[in-house]
Amino acid sequence: MESTTDTTVLILIWLAALALNVLIGYWAGKVGRRNGRSFGLCFCLGFFLGLIGVLIVYVIGPAYDSRPAPYGVAPPPDQCPPPDPYQQRTMVCGQCGKLVERSARFCPYCGARVAGPAPRGQ
Ligand SMILES: [Zn+2]
């Protein structure tokens, strides 16, 4: 039966959308709880608004800061994540400008000699 198939497909799509909303709501709730907000409230935001709800939870930020974080503004230094250990192990090649392992003596991209550790008399 054609119509029965259509209904089944519709129900499946609806269920998938519902499951996706629950997932997004759970995500928003987790973000909100990390920021000291109500899990249920943020879950509802994510559930009803989808990704926009998650975005809202991210934008409103931590509960102890009532001001909404404006778009495009870097967080204050005390909220910055610790420096990436990868960046601490790398340096910029003076020849091609690419990131090179600090332990490397020659740039793997352009072959230029980079200021690596002092040569060990080889
Ligand atoms: Zn290079």
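What share of the contacts in the protein with a separation of 6 or more comes from residues 24 or more positions apart? Such residues account for 21% of these contacts, where two residues are in contact if their C-beta atoms, placed from the backbone, lie within 7 Å.

**Figure 1. Overview of the predicted model.** This is a predicted model, in which local features need pLDDT of at least 70, side-chain atom pairs count only at pLDDT 80 or more, and totals for chains, interfaces and linings use all residues. Residues are numbered from 1 along each chain as its sequence is written. The protein has four helices and two strands, in the order α-α-α-α-β-β along the sequence. Helices (H or I, at least four residues) and strands (E, at least two) are DSSP runs, numbered from the N terminus. The average pLDDT (the predictor's confidence in each residue, from 0 to 100) is 81, and 73% of the residues score at least 70. Confidence is highest in α1, at a mean of 90, and lowest in helix α4 (residues 85-88), at 68. Of the 122 residues in the protein, 13% are buried. A residue is buried if 20 or more other C-beta atoms lie within 10 Å of its own, exposed if 12 or fewer, and partly exposed in between, with C-beta atoms placed from the backbone.

**Figure 2. The largest nonpolar core.** A nonpolar core is a set of buried Ala, Val, Leu, Ile, Met, Phe, Trp, Tyr and Cys residues joined through C-beta atoms within 7 Å. The largest one has seven residues: I24, A28, C42, F43, L45, V54 and V57. At least two residues of this core come from each of α1 (2-34), α2 (39-49) and α3. The most come from α2, which supplies three residues. Leaving aside residues up to four places away in sequence, A28 touches C42, F43, L45, G46, G53, V54 and V57.

**Figure 3. Helix α2 and residue L45.** In α2, the residues C42, F43, L45 and G46 are buried. Seen down the axis of α2, these buried residues fall within an arc of 160 degrees, so they line one face of the helix; the arc is that of the directions from the helix axis to the C-beta atoms. L45 lies in this helix. Why is L45 classed as buried? L45 is buried because 24 other C-beta atoms lie within 10 Å. Not counting residues up to four places away in sequence, L45 touches A28, G53, I56 and V57. L45 and V57 are 12 residues apart along the chain, and their C-alpha atoms are separated by 7.8 Å. After α2 comes G50, whose phi is positive, near 70 degrees.

**Figure 4. Helix α3, buried and exposed sides.** Helix α3 covers residues 51-60, and G53, V54 and V57 are buried in it. Down the axis of α3, its buried residues fall within an arc of 100 degrees, so they line one face of the helix. L51 and V59 are exposed on the other side of α3. G61 follows α3 and has a positive phi, near 70 degrees.

**Figure 5. The contact of α2 with α3.** Two packed helices are described by the angle between their axes and the distance between the axes. The axes of α2 and α3 come within 5 Å and cross at roughly 145 degrees. Axes are lines fitted to C-alpha atoms, for helices over the stretch in contact, and angles run from 0 to 180 degrees between N-to-C directions. From α2, C42, L45, G46, F48 and L49 meet I52, G53, V54, I56 and V57 in α3. By class, this contact has eight nonpolar, two polar and no charged residues. Ala, Val, Leu, Ile, Met, Phe, Trp, Tyr, Cys and Pro count as nonpolar, Asp, Glu, Lys and Arg as charged, and the others, Gly among them, as polar.

**Figure 6. Residue L20 in helix α1.** L20 belongs to helix α1. L20 is partly exposed, with 13 other C-beta atoms within 10 Å. The C-alpha atoms of L20 and F47 are separated by 8.5 Å, although the two residues are 27 apart along the chain.
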